[in-house]
Amino acid sequence: MEITQFSMEEILDPTNIIEGKRYEFILDVDIDEEDELYYEAGIEIRVLIAEKGEESFILNYFIIEKAEGEYLDFALEDEELEEILTFCKEEIAKA
């Protein structure tokens, strides 16, 4: 899995109920044809990241097939989630 494009947006909490910061990432990913997640039109992963103090973690993620816009019922492997979290943390640090 390789992240080819992304967008990032901070999710603002006007009520100040949520502790820390929240970010939404939309990741376009390149998947090997042999992988069960491969779709000809591609997939994107919508990731919600939380930052609380020095800690960042994935709150939730959704895998979306781009051609139909359908949500896919797949779970990412731990190393894939770690790769995504590392990528997101690096991009947040650049912002």
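A: Contact here means heavy atoms within 4.5 Å. Axes are lines fitted to C-alpha atoms, for helices over the stretch in contact, and angles run from 0 to 180 degrees between N-to-C directions. Helices (H or I, at least four residues) and strands (E, at least two) are DSSP runs, numbered from the N terminus. With those terms, helix 1 (residues 78–94) lies across strand 1, strand 2, strand 3 (43–52) and strand 4. The helix runs at about 115 degrees to strand 4.

The model is predicted: local features need pLDDT of at least 70, side-chain atom pairs count only at pLDDT 80 or more, and totals for chains, interfaces and linings use all residues. Residues are numbered from 1 along each chain as its sequence is written, and side-chain values use heavy atoms, with hydrogens and water left out.

Now the sheet itself. The chain has one helix and five strands, in the sequence pattern β-β-β-β-β-α. The five strands form an open sheet of order 1-2-3-4-5, with antiparallel pairing. Strand 1 and strand 5 stand at the edges; each has a single partner strand, so one side of each is left without a neighbour in the sheet. From one strand to the next, the twist averages 30 degrees. Two strands pair if DSSP finds at least two bridges between them. Strand 1 and strand 2 pair in the antiparallel sense over nine bridges. Met8 stands opposite Phe25 in strand 2.

Next, two loops. Asn16 is found between strand 1 (2–11) and strand 2 (21–30). Most residues other than glycine have a negative phi. Asn16 has a positive phi of about 60 degrees, although it is not a glycine. Buried means under 20% relative accessible area, exposed over 50%, and partly exposed in between (1.4 Å probe, protein chains only). Asn16 is exposed, at 68% relative accessible area. Ala67 sits in the loop between strand 4 (55–65) and strand 5 (70–72). Ala67 is exposed too, because its relative accessible area is 51%. The C-alpha atoms of Ala67 and Glu34 are separated by 19 Å, with the two residues 33 apart along the chain.

Finally, the whole chain. Its C-alpha atoms fill a box of roughly 45 × 25 × 20 Å, taken along the principal axes. Of its 95 residues, 34% count as buried. Among contacts with a separation of 6 or more, 45% join residues 24 or more positions apart.
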